[in-house]
Amino acid sequence: MAEMGSKGVTAGKIASNVQKKLTRAQEKVLQKLGKADETKDEQFEQCVQNFNKQLTEGTRLQKDLRTYLASVKAMHEASKKLNECLQEVYEPDWPGRDEANKIAENNDLLWMDYHQKLVDQALLTMDTYLGQFPDIKSRIAKRGRKLVDYDSARHHYESLQTAKKKDEVKIAKAEEELIKAQKVFEEMNVDLQEELPSLWNSRVGFYVNTFQSIAGLEENFHKEMSKLNQNLNDVLVSLEKQHGSNTFAVKAQPSDNAPAKGNKSPSPPPDGSPAATPEIRVNHEPEPASGATPGASIPKSPSQSSLPAVVVETFSATVNGTVEGSSGAGRLDLPPGFMFKVQAQHDYTATDTDELQLKAGDVVLVIPFQNPEEQDEGWLMGVKESDWNQHKELEKCRGVFPENFTERVQ
């Protein structure tokens, strides 16, 4: 019997809840149709709008903060990999290896500390701040339902009072239900009327504290990271000083259809010759000129053993005081230092301001580099013949170009 009684109470409660939902639905329909008035509270509605805006902003801030933390973690991993690479290439006999390893270790610890402090001082605070919104949102929704109950009870009571045939028993019961519904609604309404403005005003202090924490942590992190970077730079400067200055300058990348420029390898000009004198390669030794002392041959440059991979040939050599060829350097109709001519076989689009723009068929007068050390493998210096004939100015017209886009014609 007790079990049946328990089930009866449960069934009764379910039936009561179903009846409440039906009554509320009917009331809302009547209100929308304008057949029943609705209790309005514009001040409270404004509080609800502020609440929804505050919840939206807080949720976005939480999402962006999590994204920021994920980025910090990704940067930590990338920095760690980069330092591991440095440790692998840093040979054991190089000075400063222990210092570089210690810097890498401190770098890793600094990233970990930064991430953890962001979690503790920003993310967890953010989670706590947003944790209060679900309960208040639920209470706002419940208040809305109780307001509909109150309006429904009020309308029912008013209809019984205005009925032609009054039933005092029903009126008394309806009044009792109205007073009860009004009390429940007003209790919830008063609490929310106090909490919502307070919550809305709290956002200012929360945003200030959150962003101050993030800014302060980031500032300290970068200060400490700057010190580590300076220490690493000092270690590498020391390494460079002890192992010479064999550095390599990298030029800008060429376009897809152009050959890549090689890195420059510094090589001083031959002893006793000016920097502008082109390096030469002698492919053969011609027979001595008639009347010349047997055994005489073209003198070789003392720097032949250290010539770069791409060098230019000249056509002048002096044997016993006799000029067997002319480089054209002394000819007035050609640029100073002229060595030979080439013709472009393909179009070439310049990718740097120091390059020549070539069209297939253009003739280029090849001249030496002012500083031989600037010549990259596969590249020549020259001036287009048409530009030289028109301007006679090397400064404005000369430039470098890829040798394999051209063919020698003279």
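**Ground rules**

I am working with a predicted model, where local features need pLDDT of at least 70, side-chain atom pairs count only at pLDDT 80 or more, and totals for chains, interfaces and linings use all residues. Residues are numbered from 1 along each chain as its sequence is written, and side-chain values use heavy atoms, with hydrogens and water left out.

**Overall layout**

I looked up the elements and got seven helices and seven strands. Reading from the N terminus, the order is α-α-α-α-α-β-β-β-β-β-α-α-β-β. I also checked burial: 31% of the 410 residues are buried. Buried here is under 20% relative accessible area, exposed is over 50%, and partly exposed lies in between, with a 1.4 Å probe and protein chains only.

**Helix packing**

Two packed helices are described by the angle between their axes and the distance between the axes. The axes are lines fitted to C-alpha atoms, for helices over the stretch in contact, and angles run from 0 to 180 degrees between N-to-C directions.

I started with α3 (residues 97-131) against α5 (residues 168-242), which pack at an angle of about 175° with axes 10 Å apart. That makes α3 and α5 roughly antiparallel; the cut-offs are under 35 degrees for roughly parallel, over 145 for roughly antiparallel, 65 to 115 for roughly perpendicular, and oblique for the rest. My classes: Ala, Val, Leu, Ile, Met, Phe, Trp, Tyr, Cys and Pro are nonpolar, Asp, Glu, Lys and Arg are charged, and the others, Gly among them, are polar.

Next came α4 (residues 133-161) with α5, whose axes come within 8 Å and cross at roughly 150°. I therefore put α4 and α5 down as roughly antiparallel too. The contact of α4 with α5 has 18 nonpolar, four polar and eleven charged residues.

I picked out isoleucine 103, which sits in helix α3. At a relative accessible area of 11%, isoleucine 103 counts as buried. Isoleucine 103 and asparagine 229 are 126 residues apart in sequence, yet 8.3 Å apart in space, C-alpha to C-alpha.

**The sheet**

I traced an open sheet of five strands in the order β6-β5-β4-β3-β7, with antiparallel pairing. Strands pair if DSSP finds at least two bridges between them. At the edges are β6 (399-402) and β7 (406-408), each pairing on one side only. The twist from one strand to the next averages 50°.

Then I followed β3 (residues 340-344), which pairs with β7 antiparallel over three bridges. On the other pairing I looked up, four bridges join β3 to β4 (residues 363-367), again antiparallel. Valine 342 has a bridge partner in β4, valine 364, and one in β7, arginine 408. Alanine 344 is bridged to threonine 406 in β7. Strand β3 is mostly covered, with four of its five residues buried.

**Cysteines**

I searched for disulfides, meaning a pair of cysteine sulfur atoms within 2.5 Å, and the count is zero. Cysteine 85 goes down as partly exposed because its relative accessibility is 40%. Cysteine 397 is at 7%, so I have it as buried.

Key. Helix = DSSP H or I, 4+ residues; strand = E, 2+ residues; numbered from the N terminus.
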